[in-house]
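Visitor: I would like to learn how to read aromatic rings in a model. Please take me through it.

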Amino acid sequence: MAAGGELQLLGSWYSPYVIRAKVALGLKGPRYEYLEEDLFSKSDLLLKSNPAHKKVPVLVHGGRPVCESLFVVQYVDEAWAGTGPPLLPGDARDRATARFWAAFIDDKFFRAWRELFRSTTDSQRAEAFRSVVPQVETLEQAFMERSEGKAFFGGDAVGLADIALGSFLVWIQVVDEVSGTKLLDGARFPGLAAWAERFLAVDAVKDAMPEFERLLEHYKGFLAKLASPAAPAGYS
């Protein structure tokens, strides 16, 4: 049975980690209040709800906070287990494998891609792109093996690993636009390229994703500030 109590999501519209929470909530279906946070002037509610990291997303359910995006996704899956598609498989080993790849995306892929995201010169971008490609190669192989010919990492339906990687897709497109790169090239990574199209076509995903043009302008502003002597916080 779905858990009761008031439900609020503290987030920032451009955060891929908040996108994860929005997708999970959209797939499972509970009604919630979204509270946009200014990450340069954080609310008392955010500071109280996540005193350790002071970051979004935070899901506040019945007055009790759940922090960190992957934990939020898993909490939503368990708290509303009776509604919507399961986001983690029922088999214990398969659940562990899904969590492994979600962690790989944050620990390996994002750390490498972040260097491309933060690059401001052609030479930096070329070097960063070379560094992130091996992580994408690993994910391509993982997708081909995990999906077993089905649509998503999770099989026929979107799962934890899909949400973990898919939350970056519009950001990847924006960075590619500015950098002149094509990270999920269909010729090189046919599995992931086709997967990305399917993921972005899911209604709950479309509702959660920021508009490309708005995100592009936001990113250009970030790069301009990054190139200045006082680089902005909040994108580490």
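**Reading the aromatic rings**

Guide: Tyr219 and Phe222 are both buried, where buried means under 20% relative accessible area, exposed over 50% and partly exposed in between, with a 1.4 Å probe and protein chains only. This is a predicted model, in which local features need pLDDT of at least 70 and side-chain atom pairs count only at pLDDT 80 or more, while totals for chains, interfaces and linings use all residues. Residues are numbered from 1 along each chain as its sequence is written, and side-chain values use heavy atoms, with hydrogens and water left out.

Visitor: How many aromatic pairs does a search of the whole structure find?

Guide: A pair of aromatic rings is described by the distance of the centres and the angle of the planes. Rings of Phe, Tyr and Trp (its six-membered ring) pair if their centres lie within 6.5 Å; planes under 30 degrees apart are stacked, over 60 edge-to-face, and the rest tilted. The search finds 20 pairs. Phe100 and Trp101 are edge-to-face because their planes stand at 85 degrees, with centres 5.0 Å apart. Phe100 is partly exposed at 49% relative accessibility, whereas Trp101 is buried at 15%. Tyr219 and Phe222 are stacked, at 6.3 Å centre to centre and 25 degrees between the planes.

Visitor: Where do Tyr219 and Phe222 lie?

Guide: An α-helix has 3.6 residues a turn, so residues three or four places apart point the same way. Tyr219 and Phe222 lie three residues apart in helix 10 (residues 212–226); helices are DSSP runs of H or I, at least four residues, numbered from the N terminus. Ring pairs also link both into a cluster whose members include Trp113 and Phe168.

Key:
Helices (H or I, at least four residues) and strands (E, at least two) are DSSP runs, numbered from the N terminus.
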